[in-house]
Amino acid sequence: MPNPTSGAPSDPEYETEVATVSAGARLHVGFQNLSLARERLYGGIGVGLEEPRVTVTAEPAEGVSSDDPLGREYAARAAEILDVPGVALAVEERLPRHVGLGSGTQLALAVLAATARAHGLEPGARDHAPAMGRGGRSAVGVATFEGGGFVVDAGHPTNRFTTEPPAEGDWTVPPVVARHDLPEDWRFLVVVPDAEPGRCGESEDESMRAVVERADPAVADEIAGVVTRKLLPAAAEGRLEAFGEAIAEIGRKNGAWYADAQGGVFRPPAGELVEALEDCPVLSGIGQSSWGPVVYGVTDSRHADEAAAAAEDALEERGLEGQVIVTSAATDGARVR
């Protein structure tokens with residue numbers, strides 16, 4: 001999706017319309033560094049997905065209205081940022097909230113884009129993400145909204161941080177330092193167990209603060225080697241097994257940072273599912289997305305059904321309900337119609 005600077009057209013009688021924006025979920029593999037002892041902090045690694053999706057429709061209006069409370073909150077922010085009179089917003093498809101699929105960022109940016117387009121404006125998603133309260137740590141959600149794919153961001157200069165994050169909106173979204181379209185034949189298994197949602201808001205901030213305060217910088221050095229010598233070459237060359245091994249290793253090393261905050265390298269019940277799926281011969285790259293409880297793995301189209309069956313069995317054997325999704329990596333960003 002293009003990212004031009006937003007602003008009202010020169011003609012005051014600019015065209016308005018009904019705009020629909022649809023954006024795919026994202027997986028967050030982990031961060032490159034969480035230690036204040038290194039020059040860059042955070043540095044997200046992740047993948048945009050074709051499914052599941054969030055879809056919103058917006059019409060110009062006087063004032064802000066929506067049946068979705070969070071959508072209405074984001075619509076009010078968007079109207080203020082874009083300096084438009086209002087918007088009538090409908091959320092047609094929703095992502096599961098706080099499970100590790102980037103629901104907050106994708107909804108916020110979809111609302112922003114739909115509001116802008118309804119008023120004949122360009123959204124400037126990256127520029128306005130901080131004012132929407134998004135992109136403060138990881139740029140993965142913003143980058144996949146813009147263009148899909150596998151992405152690695154540069155993180156923030158550590159000298160701008162203490163253990164307290166910058167005030168909301170007092171940041172710029174980190175630049176993307178690597179992006180690749182992944183092979184069309186690859187499939188991502190996404191398991192969404194019915195479990196307690198992951199950390200968000202103040203709870204997430206408190207947990208991240210605790211992690212950053214005691215993060216071992218040696219782990220960041222190990223991750224740097226995996227990223228540069230294994231993950232990026234595998235993504236560029238389309239080598240599935242090597243890619244899977246690299247994201248699994250990065251996920252586990254991130255889990256070592258989070259172990260005290262979430263009760264282990266993976267939070268319950270994600271850890272049980274990871275352990276079960278690691279025994280599936282057609283899957284690699286098993287990990288937990290963000291704070292979970294979503295668990296993911298990578299396979300190819302020939303083995304997708306077998307991978308999905310293994311996930312269904314893993315849920316059933318542990319007495320868990322949940323959803324199993326098989327999808328491909330997104331090759332484009334949010335779609336506007």
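Strand E3, helix H1 (residues 69-82) and strand E4 form a β-α-β unit, and the unit is left-handed. On handedness: a crossover is right-handed if, with the strands pointing away from the viewer, the path from the first strand over the helix to the second runs clockwise. The element names come from DSSP runs, numbered from the N terminus, with helices being H or I of at least four residues and strands E of at least two.

A word on the source. This is a predicted model, where local features need pLDDT of at least 70 and side-chain atom pairs count only at pLDDT 80 or more, while totals for chains, interfaces and linings use all residues. Residues are numbered from 1 along each chain as its sequence is written, and side-chain values use heavy atoms, with hydrogens and water left out.

Back to the two strands. E3 covers residues 63-66 and E4 covers residues 86-93; they run parallel and are joined by four bridges. Strands count as paired if DSSP finds at least two bridges between them. Ser65 has Ala88 in E4 as its bridge partner.

Next, strand E8, residues 186-193. How many of its eight residues are buried? Seven are, so E8 is largely enclosed by the rest of the structure. Buried here means under 20% relative accessible area, exposed means over 50%, and partly exposed is in between, with a 1.4 Å probe and protein chains only. E8 pairs with E10 in the antiparallel sense over six bridges, and Trp186 is opposite Asp300 in E10. E8 is also joined by six bridges to strand E11 (residues 322-327), again antiparallel, with Phe188 opposite Thr327.

Ser289 sits in the loop between strand E9 (284-288) and strand E10 (295-300). Ser289 counts as buried because its relative accessibility is 0%. A polar atom of the Ser289 side chain lies 2.5 Å from the backbone oxygen of Gly100.

Last, the second largest pocket, with about 240 Å³ of space. Its lining has 18 residues, and the closest to the centre are Gln32, Asn33, Arg40, Ala154 and Ala224. A pocket is an open set of points on a 1 Å grid over the protein atoms alone, where a 1.4 Å probe fits, with protein on both sides within 12 Å along at least five of seven lines; lining residues have an atom within 4 Å of a point. The volume is the space filled by probe spheres set on the points. Which element gives the most to this lining? Helix H6 does, with six residues.

Technical notes:
A polar contact is a pair of N or O atoms within 3.5 Å; within protein, one must be able to donate a hydrogen and the other to accept it, and residues adjacent in sequence count only if both atoms are side-chain atoms.
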